[in-house]
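Take a look at the structure below. We will walk through it one part at a time, starting with a single residue.

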Amino acid sequence: MAVSSDSCRSLKYPYVAVLLKVADHSGQVKNKSFEMTIPQFQVCDFTHSVVVHCSNFYRQFKEIAAVIETV
Amino acid sequence: MAGELEGSKALSGLLSGLAQEAFHGHQGITEELLRSQLYPEVSLEEFRPFLAKMRGILKSIASADMDFNQLEAFLTAQTKKQGGITSDQAAVISKFWKSHKTKIRESLMNQSRWDSGLRGLSWRVDGKSQSRHSPQIHTPVAIMELEIGKSGQESEFLCLEFDEVKVNQLLKKLSEVEESINTLMQPA
């Protein structure tokens, strides 16, 4: 949770931080990190871009798991 | 002269200008611009301290992310101070914060986000049927494209592949995160 900052003493901003270790075809491993707000992690976020995009991470993964089982 | 500084429409405009400059990163909103557009009858010498006072009040409210009770108490205190604000001005500030609070808070949060954020996510599940090295494989694979980017910068696209085992491993981790979130978000 981001608690306080120089511009906002009462930030109270919970977020999910993800660190991905990604290996490309040559075997080289790179670290990629990014943050998500709680709604981005849990539910659909329609305000984020011009193209309406469901970027809710956890829900999408559950769907992938359900689909990959049936293939 | 003091009467000219009390107009509520002008004050509303002033608060918008201050918010644009202080929170939303809008360049070029100078004190002379605000004075000439909103308080043309007032001299710069008189306008300057008035602007500083309003800027200070707005920044205090935003920094503390005041709820409406705190806001009421804070503004009442400001009306009672020597050289503070009038109750009409307090009403304008209150109305402004109520309608702009969410947007200002979002801008302040973005100012404190220095890592990339998730901008978009797409996925596809493929069933692999044959490859040059194996005679017959039937392993489904999930392909995911993540769009990530830092504030004000172009997106980077990450294309990731997961087999079923990896999807389930990751799903388990995500459910632990979800549980953690639910625990953290419990009302105190």
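B:Cys159 is exposed, with a relative accessible area of 57%. A:Cys8 counts as buried, because its relative accessibility is 1%. How many disulfides are there over all chains? The count is zero. A disulfide here is a pair of cysteine sulfur atoms within 2.5 Å.

A word on how to read all this. This is a predicted model, in which local features need pLDDT of at least 70 and side-chain atom pairs count only at pLDDT 80 or more, while totals for chains, interfaces and linings use all residues. Residues are numbered from 1 along each chain as its sequence is written, chains are lettered from A and ligands numbered from 1 in the order in which they are written, and side-chain values use heavy atoms, with hydrogens and water left out.

Now turn to chain B. Chain B has six helices and three strands. Helices (H or I, at least four residues) and strands (E, at least two) are DSSP runs, numbered from the N terminus. Follow chain B from the N terminus and the elements run α-α-α-α-α-β-β-β-α. Chain B has 188 residues, and 37% of them count as buried. Contact means heavy atoms within 4.5 Å. Take the contacts in chain B with a separation of 6 or more: 54% of them come from residues 24 or more positions apart.

Next, see how chain B meets chain A. The contact takes 46 residues from chain B and 38 residues from chain A. Together the two chains bury about 3800 Å², with 69% of it on carbon and sulfur atoms. Buried area is the accessible area (1.4 Å probe) that two parts lose on being put together, summed over both. Which residues of chain B lose the most area to chain A? They are B:Arg113, B:Leu118 and B:Trp123, together 16% of what that side buries.

Polar contacts also link the chains. Between chain B and chain A, 12 residue pairs are in polar contact, both residues at pLDDT 80 or more. A polar contact is a pair of N or O atoms within 3.5 Å; within protein, one must be able to donate a hydrogen and the other to accept it, and residues adjacent in sequence count only if both atoms are side-chain atoms. Several elements of chain B each supply at least two residues to the side that touches chain A, including helix 3 (44-63), helix 5 (87-111) and strand 1 (117-127). Helix 6 gives the most to that side, with 11 residues. By class, the side of chain B that touches chain A has 24 nonpolar, 12 polar and 10 charged residues. Ala, Val, Leu, Ile, Met, Phe, Trp, Tyr, Cys and Pro count as nonpolar, Asp, Glu, Lys and Arg as charged, and the others, Gly among them, as polar.

Salt bridges come next. A salt bridge is a side-chain nitrogen of Lys or Arg within 4 Å of a carboxyl oxygen of Asp or Glu. Over all chains the count comes to 10. Between chain B and chain A there are three.

Start with A:Lys32, which forms a salt bridge with B:Glu156, the closest N and O atoms being 2.6 Å apart. A:Lys32 lies in strand 2 of chain A and B:Glu156 in strand 3 of chain B, so the pair joins two chains. B:Glu156 counts as partly exposed, because its relative accessibility is 33%.

B:Arg113 pairs with A:Glu35 in a salt bridge (3.6 Å, N to O). This pair also crosses between chains, from B:Arg113 in the loop between helix 5 and strand 1 of chain B to A:Glu35 in strand 2 of chain A. Are these two partners buried or exposed? B:Arg113 is buried, at 13% relative accessibility, and A:Glu35 is buried, at 10%. B:Arg113 also touches A:Thr37, a residue found in strand 2 (residues 29-37) of chain A. A:Thr37 is buried too, with a relative accessible area of 17%.

The side chains of B:Asp65 and A:Lys12 meet in a salt bridge as well (3.8 Å, N to O).

Finally, look within helix 6 of chain B. B:Lys172 and B:Glu176 both lie there, four residues apart, about one turn of the helix. Their salt bridge has its closest N and O atoms 3.7 Å apart. B:Lys172 counts as exposed, because its relative accessibility is 55%. B:Glu176, at 46%, counts as partly exposed.

Technical notes
Buried < 20%, exposed > 50% of the residue type's maximum accessible area, 1.4 Å probe, protein only. Lists of a residue's contacts leave out its neighbours within four places in sequence.
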